[in-house]
Amino acid sequence: MRRMIAAAFLTLAACSGESPGPAKKPPATAAPAAAPVDGAGLFAARCAVCHALPDVKSRGDASWAAEVRRMVQQKGAKATSEEEAAIVRHLQQANGRD
Ligand code: HEC
């Protein structure tokens, strides 16, 4: 029994990693273009350029998707569509709301 629980826990732990594959990050001095698609990192890097980083919990999932879109399309926030999607995913996971 103990063994099964331990095995289940290990499986869970193995699945909960944020980034699959070799997660070696490049050094902080790497050029922005080479940055990995890391939602949390992109949010911090791209969304505090013009104003303070907004509170992740201040919006629900749909609202974040619309807001990030608005920042990129109307305010001139720099993000590729892949990066935009990663930022939205991060916000939707971290906000603890629907
Ligand atoms: C190029 C500048 C710029 C960047 C980069 C930027 N924003 Fe903004 N953002 C603005 C400006 C200007 C406003 C205030 C005017 C407005 O809300 O239309 C604002 C307002 C906001 C607000 C407040 C809106 C409200 O309801 O009061 C949120 C939330 C926000 N930004 C989120 C983000 C996120 C998330 C990112 C990253 C994807 C981001 N911003 C990147 C320019 C920027």
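I began with Asn95 and found this residue partly exposed, with 17 other C-beta atoms within 10 Å; on this scale a residue is buried if 20 or more other C-beta atoms lie within 10 Å of its own, exposed if 12 or fewer, and partly exposed in between, the C-beta atoms being placed from the backbone.

I noted that this is a predicted model, in which local features need pLDDT of at least 70 and side-chain atom pairs count only at pLDDT 80 or more, while totals for chains, interfaces and linings use all residues. Residues are numbered from 1 along each chain as its sequence is written.

I placed Asn95 in the segment after helix 4, where helices are DSSP runs (H or I, at least four residues) numbered from the N terminus. Setting aside neighbours within four places in sequence, I listed Val56, Lys57, Arg59, Gly60 and Trp64 as the contacts of Asn95, a contact being two C-beta atoms, placed from the backbone, within 7 Å.

I then turned to helix 3 and looked up its buried residues, which are Trp64, Val68 and Met71. They lie on the same side of helix 3, because they cover an arc of only 55° around the axis, taken from the directions from the helix axis to the C-beta atoms. I found that these buried residues pack against helix 4 (81-94), whereas the face turned away from them carries the exposed residues Ala62, Ala66, Arg70, Gln73 and Gln74.

Notes:
Helix = DSSP H or I, 4+ residues; strand = E, 2+ residues; numbered from the N terminus.
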